[in-house]
Amino acid sequence: MDVAVFILVVLAFVALSGALMRLVRVPLPVLQIAIGAALAWPARGLHVEIDPELFLLVFIPPLLFGDAFAAPKRELIELRGPILDLAIGLVFFTIVGFGYALHWLVPSIPLVVAFALAAVLSPTDAVAVSSIVDRNVVPARLMHILEGESLLNDASGLVMFRFAVAAALTGSFSFAAASLSFVYAVAVGILAGIAALFIAAAKALQILGRIGGTPAEAQVLVMILLPFVAYLIAEHAGASGILAAVTAGLLTGTSGIFRYLAVSGRIQAMSLWSTLTFVFNGALFILLGLQLPDIIRKVPPELTSRHWLFEPALTVLILTLCLIGLRFLWIWVGDMATGIAARLGKRKADPFGFRVRLAGSVAGVRGAITLAGILSLPLALQDGSPFPARDVVIFLAAGVIICSLVIASLALPRIARGLVEPGEDPGAAEERRARVGAANAAIARIESLAGDGGEEGEVAEARLAVADSIVAGYRRRIAASDEADEARAEAREAARLELELRHAGIEAERAAVRAMFRSREINDHTMRALLSEITLTEALLKSRQGRK
């Protein structure tokens with residue numbers, strides 16, 4: 001009962017945070033962490049012990065799967081060089097640079113434990129990045145790189161974290177064995193994602209499709225289970241479950257798996273994923289906030305020898321700035337190397353400016369995976385002695401997560417202001433050209449069918465009239481996407497009037513259905529069916545209106 005009440009309370013505050021965000025004007029992750037901390041701060045407030053393995057299983061696969069599914073695949077392929085450079089190269093650079101800096105700043109932390117903390121801090125959080133970074137103020141190329149990096153660096157960071165913890169437990173480290181284990185974790189993780197998609201999910205959907213009358217909800221459930229299946233297959237094989245979930249998400253859109261879903265199943269799946277992403281996102285950050293009071297109350301004495309507040313706060317700030325500095329240095333050196341290679345190869349270089357590099361450095365926020373990873377540290381070594389500096393590194397990890405979120409929330413809007421030149425977004429222009437091309441193809445096909453119908457008399461006239469009506473709609477769509485501003489303005493005004501009238505008609509439909517239900521002309525089953533159709537039509541109209 002207590003668990004059920006706790007879940008309901010968290011969900012209620014997730015919904016509340018969506019409304020409060022408009023009032024307090026802070027990024028949603030920061031607000032949700034603050035709500036979680038407020039709920040847990042009183043001595044009799046909400047308190048929950050997080051099982052890191054369960055935490056990773058419940059939250060990370062669906063969120064990373066959703067982010068990977070929504071990521072622009074073409075741009076990720078085009079930018080694979082800088083993405084892999086950050087997702088792998090920067091992780092190792094951060095482990096070495098931050099590890100030594102942490103050991104120097106807090107000598108009580110053994111070097112191998114410092115490397116473990118550096119490894120778990122090296123991955124950026126895909127969920128936090130997408131929640132904080134405004135796509136309208138950050139250049140599209142930088143945004144795509146950040147998205148791709150945050151999807152892939154979780155695997156490399158957590159694998160190296162496991163190696164560092166193993167070295168701390170055993171007192172030995174083999175570079176050759178670690179390298180082979182890393183390659184195995186990555187390769188098998190990718191294969192697990194592919195197997196879950198093409199063997200488990202695709203076959204299950206095919207079987208359901210062959211069974212007549214299978215409800216669309218059963219097909220949607222298969223899609224919901226897909227990231228969890230991929231994660232569990234990889235983890236069972238000792239590989240990276242995170243990379244398996246990301247691989248399944250990246251390939252889902254281009255694999256053709258949606259052809260096995262009914263139309264209603266596709267609509268339900270897309271709608272449900274949007275809701276689940278919001279719910280899991282909010283619950284994740286509220287749970288992070290719930291952990292903060294206990295962590296802060298247990299500030300390790302190693303960090304309070306001079307002052308109980310300023311010394312730990314300053315240590316966290318210095319470490320966060322160190323991470324940002326290492327990230328900036330890596331981006332700057334990599335950008336210079338790319339430019340030199342381009343000049344030697346007589347290719348055109350596209351380097352970042354100083355502010356773009358700084359924005360990319362500050363946007364590397366840490367989040368849920370960092371906290372879940374650091375909480376998974378063992379309590380004791382193999383000889384039974386306590387794990388060295390465990391409380392210290394947990395406190396520092398939580399502090400860096402909060403500090404990186406706050407710095408990004410405050411600094412990014414100012415750094416990124418003016419980086420995107422005014423004018424039509426390239427993505428919007430591409431979408432407009434695609435709409436025109438698709439509409440022209442539809443017009444040509446409809447006119448061909450209307451002329452080749454073979455009917456005569458009234459049937460032929462009716463066929464042509466219907467075709468003209470459909471073609472007129474496509475021509476209005478083309479006019480709305482016309483290059484000429486005057487033509488587009490006229491088309492927009494006509495579309496606005498059409499939408500206004502259609503909305504009025506929908507409201508009349510809805511009122512009439514409810515009136516028939518109240519007068520008992522129809523039952524509740526018929527009312528729900530009709531209202532569902534009306535709601536779907538209204539949603540499509542609002543979608544059209546939002547794109548104008």
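Helices α6 (residues 111–121) and α16 (residues 390–416) pack at an angle of about 25°, with 11 Å between their axes. The model is a predicted one, so please read each value below as computed from predicted atoms. An angle under 35 degrees counts as roughly parallel, and α6 and α16 are therefore roughly parallel to each other.

**Helix α6 and its partner α16**

- The crossing of α6 and α16 is right-handed.
- On the α6 side, the contact is made by Val113, Leu117 and Leu121, while α16 brings Val393, Leu396, Ala397 and Val400 to it.
- Sorted by type, the residues of this contact are seven nonpolar, no polar and no charged.
- Helix α6 is mostly covered, with eight of its eleven residues buried.
- Those buried residues are Val113, Ala114, Ala116, Leu117, Ala118, Ala119, Val120 and Leu121.
- Val113, Leu117 and Leu121 are listed among the buried residues of α6, and these three also make the contact with α16.

**Helices α2 and α12**

- Two packed helices are described by the angle between their axes and the distance between the axes.
- For helix α2 (residues 28–40) and helix α12 (residues 263–297), the angle is about 50° and the axes are 7 Å apart.
- Helices α2 and α12 are therefore oblique to each other.
- Their crossing is right-handed.
- Helix α2 contributes Leu28, Pro29, Gln32, Ile33, Gly36, Ala37, Leu39 and Ala40 to the contact.
- Helix α12 contributes Phe278, Asn281, Gly282, Phe285, Ile286, Leu288, Gly289, Leu290, Leu292, Pro293 and Arg297.
- By type, the contact of α2 with α12 holds 13 nonpolar residues, five polar and one charged.

- Leu323 sits in helix α13 (residues 310–344), and its relative accessibility of 4% makes it count as buried.
- Setting aside residues up to four places away in sequence, Leu323 touches Thr94, Phe98, Leu121, Arg366 and Val400.
- Leu323 and Ser404 are 81 residues apart in sequence, with a C-alpha to C-alpha separation of 9.2 Å in space.
- Leu90 belongs to helix α5 (residues 80–105) and is buried, with a relative accessible area of 4%.
- Beyond residues up to four places away in sequence, Leu90 touches Asp85, Glu149, Leu326, Arg327 and Trp330.
- Leu90 and Leu329 are 239 residues apart along the chain, and 9.8 Å separates their C-alpha atoms.
- His144 is part of helix α8 (residues 140–170) and counts as buried at 16% relative accessibility.
- Apart from neighbours within four places in sequence, the contacts of His144 are Pro72, Glu75, Leu76, Leu79 and Ile83.

- Most residues other than glycine have a negative phi.
- Ala389 has a phi near 60°, a positive value in a residue other than glycine.
- Ala389 is placed in the loop between α15 (368–375) and α16, and is buried at a relative accessible area of 15%.
- Arg520 also has a positive phi, near 65°, and is likewise a residue other than glycine.
- Arg520 lies in the loop between α19 (485–518) and α20 (524–546).
- With a relative accessible area of 77%, Arg520 is exposed, whereas Ala389 is buried.

**Cysteines**

- A disulfide is a covalent bond between the sulfur atoms of two cysteines.
- With a cut-off of 2.5 Å between cysteine sulfur atoms, the count comes to zero disulfides.
- Cys322 is partly exposed, with a relative accessible area of 21%.
- Cys403 counts as buried, at 14% relative accessibility.
- The limit for buried is under 20% relative accessible area, so Cys322 at 21% is classed as partly exposed and Cys403 at 14% as buried.

Key. Residues numbered from 1 in each chain as written. Predicted model: local features only at pLDDT ≥ 70, side-chain atom pairs only at ≥ 80, totals over all residues. Heavy atoms only, no water. Axes fitted to C-alpha atoms, helices over the stretch in contact; angles between N-to-C directions. Helix = DSSP H or I, 4+ residues; strand = E, 2+ residues; numbered from the N terminus. Parallel < 35°, antiparallel > 145°, perpendicular 65-115°, else oblique. Left-handed = near helix turned anticlockwise from the far one by under 90°. Contact = heavy atoms within 4.5 Å. Nonpolar A, V, L, I, M, F, W, Y, C, P; charged D, E, K, R; others polar. Buried < 20%, exposed > 50% of the residue type's maximum accessible area, 1.4 Å probe, protein only.
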